[in-house]
Amino acid sequence: MTLLLGAEEVERAAALLRAGDLVAFPTETVYGLGADARNGRAVAAVFEAKGRPHFNPLICHFPDAEAAFAEVVADGRARALAARFWPGPLTLVLPRRPESRVDLLAGAGLDTLAVRVPGHPLSLALLRAAAVPVVGPSANRSGEVSPTTARHVLDGLSGRIAAVLDGGPCEVGVESTVLDLAAGEATLLRPGGVPAEAIEAVIGPVARPMPISATQAKGALRSPGMMLSHYAPSLPVRLEARDAAADEALMAFGPPLPGAGRVWQLSEGRDLREAAARLFAGLRWLDAEGQRLGLARIAVMPVPMEGLGAAINDRLERAAAPR
Ligand code: TXA
Ligand code: MG
């Protein structure tokens with residue numbers, strides 16, 4: 001039985017985490033599958049609950065920068081970015097301190113660690129109450145669409161985890177931006193809630209990855225999370241749709257194309273923040289409706305690449321990738 005905990009039950013959620021149980025929790029990006037990062041068994045249970053085929057490194061969550069930087073070595077760039085964007089949707093990959101208490105499995109044996117301070121009052125309250133570093137991959141079964149409500153978490157993980165802390169729908173809706181500062185040159189490993197341009201305004205040029213399709217073809221994955229097929233609905237996904245058919249479920253951005261069997265509006269007014277927040281719920285809904293009505297695929301209208309559009313297009317490309 002998975003408990004559904006309300007905002008007033010933060011202490012109970014924290015106690016479960018400290019006892020080594022798995023507790024999904026809301027962040028501003030997506031719901032995370034929390035576990036005590038120092039507890040190897042709890043971390044292993046996260047991989048098991050998600051059904052992750054490989055031990056991808058996990059992000060460690062902290063209530064503030066000071067707690068995060070106790071586990072990793074932060075340079076001037078990391079401190080400047082933390083001051084500007086934390087709490088918020090930015091994850092920094094930094095050299096792990098030798099004395100770090102984070103279990104090696106959480107970092108998949110790497111000598112770096114991904115750290116972030118999430119920008120959601122309930123995550124911060126939980127992290128403060130737990131007083132341990134908390135790993136938090138997205139709280140979904142491996143390969144499925146990330147959850148942006150407690151209901152989504154239960155749909156995938158009910159019975160596999162101790163509890164879900166319900167904080168309502170996530171505001172940002174796409175995962176954090178992952179920036180590698182451990183290897184010298186700042187490198188974007190995953191586009192996300194903080195646009196790369198905003199990072200560059202603080203620390204100067206950031207190396208951008210090749211388009212993910214090209215990266216995959218060259219086998220040059222720096223981050224296991226850059227794997228191409230991910231966020232996969234059951235129905236096939238067609239990108240850059242400029243027309244729609246009756247046997248298609250349409251993901252609209254702006255005035256919807258006519259003729260589709262079902263429509264989910266990302267943002268009528270073409271607002272990228274609104275679109276990001278509605279992306280994963282839309283993929284889930286179109287997939288369920290499309291299957292119910294026997295539709296052939298999900299068609300997605302073009303979304304511009306500026307700002308949060310980079311993260312949105314990244315997730316859409318993965319949803320559309322061959323599996
Ligand atoms: O918004 C988010 O970041 C959400 C919420 C719950 O915080 N969490 C999340 O975690 O998306 P996860 O585990 O699904 O994604 C972690 C990403 C993966 O792409 C992983 O490969 C990368 O970060 N990563 C983690 N540690 C790394 C490391 N040491 N070096 C390189 N990449 C790393
Ligand atoms: Mg994920």
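Predicted model: local features only at pLDDT ≥ 70, side-chain atom pairs only at ≥ 80, totals over all residues.
Which residues does Tyr 231 touch, not counting residues up to four places away in sequence? I looked, and got Val 145, Ser 146, Leu 283, Arg 315, Arg 318 and Ala 319; contact here is C-beta atoms, placed from the backbone, within 7 Å.

Residues are numbered from 1 along each chain as its sequence is written, and chains are lettered from A and ligands numbered from 1 in the order in which they are written.

I found Tyr 231 in the loop between α8 (212–217) and β11 (237–238); helices (H or I, at least four residues) and strands (E, at least two) are DSSP runs, numbered from the N terminus. Tyr 231 counts as buried because it has 24 C-beta neighbours inside 10 Å (buried is 20 or more other C-beta atoms within 10 Å, exposed 12 or fewer, partly exposed in between, with C-beta atoms placed from the backbone).

Next I checked Thr 112, in strand β6 (residues 112–116). Thr 112 has 19 C-beta neighbours inside 10 Å, so it counts as partly exposed. Among its contacts, I noted Val 93, Pro 95 and Ala 182.

Last, helix α6 (residues 150–157): Ala 150, His 152, Val 153, Gly 156 and Leu 157 are buried. They sit on the same side of α6 because they cover an arc of only 155° around the axis, taken from the directions from the helix axis to the C-beta atoms. Their cover includes α2 (40–50) and α9 (272–292). Just after α6, I saw Gly 159 with a positive phi of about 85°.

Technical notes
Contact = placed C-beta atoms within 7 Å.
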